[in-house]
Amino acid sequence: SSTSASRPSSKLTTPLTAKLTRPLTGAELEELFLEKFKFTLSDTELVTNGKFDNDGSTWGGDSSSGWYNITNPSFTSIVNGEAILDGSQGTSDARQHVDVTPGKSYQISVDMRTDSTSGSGSTRLYMSDGENYSYAFGNFEATDSTMTTFSKIVTPTQSKIRLYAYNTRNDKAYYDNISVKEVAKQAPVAAFSLRKLGDVSP
């Protein structure tokens with residue numbers, strides 16, 4: 001299993017500074033702050049069995065494995081270090097609740113690919129702020145057969161982040177290196193003032 005990227009994939013600064021026509025929201029301001037500061041990731045991995053090093057007939061199914069297969073456990077497997085959700089037999093999914101500290105920032109990352117590149121359905125990893133189906137942190141979606149690394153930084157208000165892998169495509173989806181690590185902010189990259197952006201909201 002390869003190591004996921006440790007830098008955020010999105011770049012908020014360019015579109016915002018190119019033409020600022022409204023105040024920044026609190027979430028945008030937080031993301032902008034994180035972009036302008038160097039950061040490191042904690043060495044402590046908060047996801048249980050996110051690298052899928054041990055092959056098996058399911059992702060797990062109990063607390064010791066970390067993953068619970070919700071809909072059709074028999075449609076899941078781990079092969080050659082990759083976790084598979086087989087949508088050819090029906091909806092397949094798995095979830096894990098990750099312990100976090102409200103108010104701290106965390107990077108969520110995953111490698112994903114899918115055998116199916118057409119038709120209906122989707123291959124996603126959903127992320128919720130808390131043990132719920134709100135998916136307040138959005139989702140990552142695999143759209144082709146190339147293993148792609150997705151990542152984003154979030155700041156939870158609850159004590160858990162819910163990760164929900166979900167495949168409704170009529171084919172197999174592959175997941176690896178599912179990770180949640182705390183972000184440690186460090187010194188600013190360069191002198192930076194929010195005044196350059198004009199009117200920003202707190």
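Here are a few friendly questions and answers about the predicted model shown above.

Residues are numbered from 1 along each chain as its sequence is written. In this predicted model, local features need pLDDT of at least 70, side-chain atom pairs count only at pLDDT 80 or more, and totals for chains, interfaces and linings use all residues, while side-chain values use heavy atoms, with hydrogens and water left out.

Me: In what order do the elements of the chain run from the N terminus on?
Reply: Elements here are DSSP runs numbered from the N terminus: helices (H or I, at least four residues) and strands (E, at least two). The chain has 2 helices and 10 strands. Their order is α-α-β-β-β-β-β-β-β-β-β-β.

Me: Is Ser 179 buried or exposed?
Reply: Ser 179 sits in strand β10. Buried means under 20% relative accessible area, exposed over 50%, and partly exposed in between (1.4 Å probe, protein chains only). Because its relative accessibility is 11%, Ser 179 counts as buried.

Me: Which residues is Ser 179 in contact with, leaving aside its neighbours within four places in sequence?
Reply: Contact means heavy atoms within 4.5 Å. Ser 179 and Tyr 106 lie 73 residues apart in sequence, with 9.8 Å from C-alpha to C-alpha. With those sequence neighbours left aside, the contacts of Ser 179 are Glu 45, Val 47, Gln 107, Ile 108 and Ser 109.

Me: What share of the contacts in the chain with a separation of 6 or more comes from residues 24 or more positions apart?
Reply: Leu 125 gives some examples of contacts, among them Val 110, Leu 163 and Ile 178. For the chain, the share from residues 24 or more positions apart is 75%.
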